[in-house]
Amino acid sequence: MPDAGRYFIPPHTFAALARARGGTEAVTLLRSGQLSKRKLLVRALHQAAVRREPAGAGLDAVYPQLLDLSRRDPKAWRAVMLHPYLDEGLARALVVLERGEEIETEWLTWWERLLAGSPGGDWPVVRAEYGGQVLQLRLADSGPFRDAHGHTLDGPLTGERTRHWEKALSAAWEVLVQRHPWHVRAMAACLTTLVPLRPGSDGASVSSTARRAYGAVAASLQDDPSLLALTLVHEFLHVQLGALLDLLPLHGPPTGVRHHAPWRPDPRPAGALLQGAYAHLGVTDFWRAELAVGGKRARREYATWRGHTADAAGTLLDSGELLPAGVRFVTEMRDAVRRPPVASGGSGKPRTKGALAADLRALGLRAGDTVLVHASLRALGPVTGGAETVVDALRDVLGPAGTLVAYTQTPDNSDPARWHLTRGYAVPEEHWAGLRARLPAFDPSRTPSFGVGVLPETVRIRPGALRSAHPQSSFAALGSQARYVTEEHAPDCHLGDRSPLARLERLGARVLLLGVGYDVCTAFHLAEYRVPGRPRLPYACVVADEQGRRAWYHYSDIVLDASPFVELGRVYEATGAVARGRVGDAECRLLDLAPAVAHAAEQLGAHA
């Protein structure tokens, strides 16, 4: 059986998780952590079973059987190891063995079926599909360990009841794909199982997750698609946070102190308050998106949960019980919940690829253009299929002769002494040496971008995308000129004449600001290099040498300063050289890169 391994959570992934935007990258990392946790539990169970004979009879063979399966059929082994209730089953069996008690027969039968290749037993499978996105879940209506969810279980399900669940989930999935696309791929990758519950004694819907049931949620059936969609988001975030806490503690050991939870009458320990606040960040985010279509209910729910979640985050930050990582996590949560809703001038109806493409053409984007795009997907309003659809629309307009370029910076690949500037938080000096030794090397094909939003990542991971090799200031490109744009990027030149920006300038490229302002117009940095006497700064980052070994690379480049960019853009726009219009709900600008850079260089030079 493979070793359990050690884990490094990239700062951008940590921050995205804290904002309830971890995506599939976070799912992959957290699922890998769960796999390692279960390997350790299997070994511990094997040792306990051998020590506690005859109480462990029947369980002492689990480890060698799994070891054999991992060698014969790694895919089947992985399915067994990631069964949602394996963790709960292992933990309960360990407790029973340590007490010297006999293992329940039902548990032994369950182990046998699991190892025989029937991880889902006879559970019915339901499938929801909308806009090319698929959610497939097993309805866990029988078997042990489901009581970990703490509510009355429903089942076994009849065929009619199963179809009712599939219909309800399909309607909820449509809501998620249309209006909450940032969750869709992550939920489809993470969630494998739904445990049907009976409603509460008062008829109210109930739902839950179990800390030792990664990939499973439990819920009673709801016919309101929006509320079922909300339930899935709420419980999915509980699953994610539980898995993160298995890798990285965010608060100290339990204390006797209890804290006010705005949504409950009883005070809660810090850990429980954190779980509730995080899940309700998802609730706030859900109703923020629903404001476009939800009327009074959405406004009421958004205001309520935004206030409750912000209050809980403040309580946690004042509690003194958070570890440094927890302080960073909850600070990100608080900032996320304080985001104002996007003002929409549109109808709130989700945009399709065709509608976005029509808006882009109306703005002036043409077939054959090479365009550097900076975007806020949130500003666009609801988009069916999310970032993937936006990229598809851009590529449809540009056509086979066009090229789509995005800035995929990685300033987080820097010396820990500068993280207060490059990552937005500082770390104590005593940790710098260890962090310097562990920071991974930049890999153009694998290292995610940092701090530039969803669209650059979507471009970067597209089949056929190419990426320049600068370890801190790379660009990704798709299309006919992608190789020319990315093939030469000097490692000691962030954004100057030996970077892709200069090549874009020579190509007559354009800049599209999609729902963002001039403050993020990377092209203006090229103008900074055209002004003599700019101050310089030492930079450091981790790269791979010719043998693939990680090494620190030190170089000198100019000090980059975006503070004048808003004014540069305002003055340039006043010349009439910028096209303005709307794409979806977003106010957008389209400009030619070369004259904009020349104008910016002239303005910067005049004030140097």
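How many nonpolar, polar and charged residues does the lining of the second largest pocket have by class?

Reply: The lining of the second largest pocket has 16 nonpolar, 16 polar and six charged residues; here Ala, Val, Leu, Ile, Met, Phe, Trp, Tyr, Cys and Pro count as nonpolar, Asp, Glu, Lys and Arg as charged, and the others, Gly among them, as polar. The model is predicted: local features need pLDDT of at least 70 and side-chain atom pairs pLDDT 80 or more, while totals for chains, interfaces and linings use all residues. Residues are numbered from 1 along each chain as its sequence is written, and side-chain values use heavy atoms, without hydrogens and water.

On a 1 Å grid over the protein atoms alone, a pocket is an open set of points where a 1.4 Å probe fits, with protein on both sides within 12 Å along at least five of seven lines; lining residues have an atom within 4 Å of a point. This pocket's volume is about 1,100 Å³, a volume being the space filled by probe spheres set on the points, which are joined across faces, edges and corners.

In total, 38 residues line the second largest pocket, and Ser207, His234, Glu235, His238 and His280 lie nearest its centre. At least two lining residues come from each of β4 (207-208), α9 (225-247), α10 (270-290) and α11 (295-319); helices (H or I, at least four residues) and strands (E, at least two) are DSSP runs, numbered from the N terminus. Helix α9 supplies the largest share, 11 residues.

Helix α9 also holds Ser226. Ser226 is buried, with a relative accessible area of 10%, where buried means under 20% (1.4 Å probe, protein chains only).

Conventions. Buried means under 20% relative accessible area, exposed over 50%, partly exposed in between (1.4 Å probe, protein chains only).
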